[in-house]
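My notes are kept in the order in which I checked things.

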Amino acid sequence: MLSKFALVGAVLAAGSASATSVSCPSNLPLSCSNTTVIDDLCCFIAPGGAILLTQFWDTNPSTGPSDSWTVHGLWPDNCDGTYEQYCDEGRQYTNITGILRERAPCTLRTMQTYWKDYQGDDESFWEHEWGKHGTCISTLNPECYRAGYRATDEVADYFTRAVSLFKTLPTYDWLAAAGIVPSATKTYTLAAIQAVLTAHHGHNAVIRCSGGELNELWYHYRVRGSVQTGTFVAVDPVGSGANCPATGIKYLPKYAKPPTTTTTTAKPTTSTPTTIPTGAPGALTGKGYVKVQPDGFMISTGNWYRAAGTPATYTATPDAGAGSSATFTLKTSKGPCQVLADASLSCAAGLVPSSFGYDGTHLTYGGAATFYVDAAPAGQDKGVVFTTQKAVSLQMWWQAL
């Protein structure tokens, strides 16, 4: 990545931030380091004063260039490993692509290569990162902008800062220079990986694995001033998160063709059943994941997805009016969720939300807790869910966030 981006050191100073954000004095303490209360949260990030730039190495499916890690997000942490999320329901913006095309086109072009969703839905991924994390950074609140502020200015600032920080962290190049390169056969030790990252970043990073495969890194910072114009200083991680084994870590190559083998269709194996949370029947409220029984989850378009990954966040809102206390509507970053005329479920802008129920275990529609698809999705396929009988049945349950 050294050839792709101009790099700066472990301390990242102010760059191309919004012209309308407030000016901050240079003598403020670093976030998470104050000894007295600081009232001006437009120039001091609190409570989420530890900022994480997180990166992915996706191989199944592969995303982004084969010689670069990709952006996961820019996250505020409460200086102790805990964090807030979804801090402003009124700023759960959609159409991030359109906002950036107008406000920060250079940032958008970089994101289209280096900030990728493994499901191929970059827009939903970006909306999720902004809504869950960006709205919890105090210096990005609308009151932290001068006259001339336009709604969503802070969105451009959030993504521009994340991209500029990402460009200072060429993880692939750092590891490759030390002989740690993707391989289908070779494995590495946690100590070797950490030593390389610490030598370049100046502090330890949180190294994360999935099934023994290296797939995510968290770089920690404190900030003097605002996210928009402040100085980022690398620090050691606070809290937990690292989960890789000490040895035998796989660093698989992207876009590798699997070996050709002869396969036969096997009967399903018996696995430990998922424990489904239960509650009082009635209207659900708040944010959660919609999980699917027998497996998988619902994504932001209202489809069933069975590959690995993070489910879409759904918002449940109780229906208003007399006699409606047992029903609620659902909405994702794509828009309201509606059962269409052909009995298929869809979540998209402009739809009229349908009313759903909860029987204490499963989501229901029209009193029925069973939904259907023509065929169970495989691989990266997405299953269209129906409320009328099809070849395959499923049930949905709620995991509150």
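The entries below go from conventions to disulfides, then to helices.

**Conventions.** I am working on a predicted model, in which local features need pLDDT of at least 70 and side-chain atom pairs count only at pLDDT 80 or more, while totals for chains, interfaces and linings use all residues. Residues are numbered from 1 along each chain as its sequence is written, and side-chain values use heavy atoms, with hydrogens and water left out.

**Disulfides, overall.** I took a disulfide as a pair of cysteine sulfur atoms within 2.5 Å. The count by this rule is 6 disulfides. Numbering the bonded cysteines along the chain, I get the pattern 1-4, 2-5, 3-8, 6-7, 9-10, 11-12. For burial I used relative accessible area: buried is under 20%, exposed is over 50%, and partly exposed is in between (1.4 Å probe, protein chains only). For elements I used DSSP runs numbered from the N terminus, with helices (H or I) of at least four residues and strands (E) of at least two.

**Cys42 and Cys144.** I found a disulfide between Cys42 and Cys144, S to S 2.1 Å. The link of Cys42 and Cys144 has -80 degrees about the S-S bond and is left-handed. Cys42 sits in the loop between strand E1 (11-12) and strand E2 (50-56), and Cys144 in the loop between helix H3 (122-132) and H4, so the bond ties together parts 102 residues apart in sequence. Cys42 is buried at a relative accessible area of 13%. Cys144 is buried at 1%.

**Cys87 and Cys136.** The sulfur atoms of Cys87 and Cys136 are 2.0 Å apart and form a disulfide. I read a torsion of about 100 degrees about this S-S bond, so the disulfide is right-handed. The pair links distant parts of the chain, 49 residues apart: Cys87 is in the loop between strand E3 (70-77) and helix H1 (96-103), and Cys136 is in the loop between H3 and H4. Cys87 is partly exposed, with a relative accessible area of 39%, whereas Cys136 is buried, with 8%.

**Cys209 and Cys244.** I also looked up the disulfide of Cys209 and Cys244, with sulfur atoms 2.0 Å apart. The link of Cys209 and Cys244 is right-handed, with 100 degrees about the S-S bond. Cys209 is in strand E5 (residues 206-210) and Cys244 in the loop between strand E7 (231-234) and strand E8 (249-250), 35 residues apart. Both Cys209 and Cys244 are buried.

**Helix H3.** How many residues of H3 are buried? I find 11 of its 11. Among them are Phe125, Trp126 and Trp130, along with Asp122, Glu123 and Lys132. The buried residues of H3 pack against E2, E3, H1, H2 and H4, where contact means heavy atoms within 4.5 Å.

**Helices H2 and H4.** At what angle do the axes of H2 and H4 cross? The axes of H2 (residues 105-114) and H4 (residues 153-166) come within 10 Å and cross at roughly 60 degrees. That makes H2 oblique to H4; angles under 35 degrees count as roughly parallel, over 145 as roughly antiparallel, 65 to 115 as roughly perpendicular and the rest as oblique. Thr107, Thr110, Met111 and Tyr114 in H2 meet Phe159, Thr160, Val163 and Phe166 in H4.

Conventions:
Axes fitted to C-alpha atoms, helices over the stretch in contact; angles between N-to-C directions.
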